[in-house]
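Trainee: I am new to this structure. Could you take one part of it and describe that part closely?

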Amino acid sequence: MDSNIGELAQRVADARRVVFLCGAGLSVPSGIRAYRAGPNAIWADHVMEWGTFAKFIADPAAWWSSFWLDAHGDLFKSFQPNAGHVALANAMRRSQDDLVITQNIDGLHRLAGHPEAQLIEIHGRHDRFICASRADCPGVESPVERVDLSRLSAGVIPRCPHCEAPMRPLVLLFDEHYESHDAFQSWRGKKALNDADVLIFVGTSFSVGITSYAVRCAEVSGALTINVNPEPARFPSMVNLQGGAEALLPTLLARVTGE
Ligand SMILES: [Zn+2]
């Protein structure tokens, strides 16, 4: 479905509640490689194999050094939010009920000044760490900002100060559920998706559970769905705005907020 961007902006401006669902494509212009889509996608098979709790718990030292640090170690240190992140942060002024649900663990929404109450990092965040015990250790629900990875080469892994279990990043792994940690706020995110009358997908390849859930919500509720992405989505009622989020979001959202 094609649509004039001015008309579309008006429909977003008139909405009661707008929820954005963001994927890796939003951070690609910031220099962060996507896992799955596009020519800069990284090692999809490797990620699918290693990005699991089963692989982590089988050999935490190898997981940290061969997988996590390879894939994410320096990845997030010097990257900056792009115009798409900034436009989203500014757009939150439209209504306190508007929300961004992001699949990105890179923290760039927060760096762009996104209001915390209007952001759900549904796949977690790269810069927090928890106890990997699945028992009720206090270290599971109390993330820390740092772990000592300096002796990984000698096989020394970071361990929970409460129970000595290995420490892990606070991120959703491929063999885990959204409900596996309260920090993912999945209940709140799903409620918002059901409640939205406009759903805007940004830079997502529609390959993870939460995007499927969101599409089903819109089918039931009749919400307007918009896809901001270089690749068009194949859902019949979805409006495709084809292009990069760093260019299209500022254009669309400036019209929505009248700025
Ligand atoms: Zn523990």
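Mentor: Strand 7 (residues 224-229) has six of its six residues buried, so it is largely enclosed by the rest of the structure. A residue is buried if 20 or more other C-beta atoms, placed from the backbone, lie within 10 Å of its own. Strands are DSSP runs of E with at least two residues, helices are runs of H or I with at least four, and both are numbered from the N terminus. The model is predicted: local features need pLDDT of at least 70, side-chain atom pairs count only at pLDDT 80 or more, and totals for chains, interfaces and linings use all residues. Residues are numbered from 1 along each chain as its sequence is written.

In a regular strand the side chains alternate between the two faces of the sheet. Here Leu-224, Ile-226 and Val-228 point one way, while Thr-225, Asn-227 and Asn-229 point the other way, and all are buried.

Strand 7 pairs with strand 6 (residues 198-202) in the parallel sense over five bridges; two strands pair if DSSP finds at least two bridges between them. Val-228 of strand 7 has Val-202 opposite it. Strand 6, helix 9 (residues 209-221) and strand 7 form a right-handed β-α-β unit, a crossover being right-handed if, with the strands pointing away from the viewer, the path from the first strand over the helix to the second runs clockwise.

Strand 7 also pairs with strand 8 (residues 239-242), in the parallel sense over four bridges. In that pairing, Gln-242 of strand 8 is the bridge partner of Asn-229.

Notes
Buried ≥ 20, exposed ≤ 12 C-beta atoms within 10 Å, placed from the backbone.
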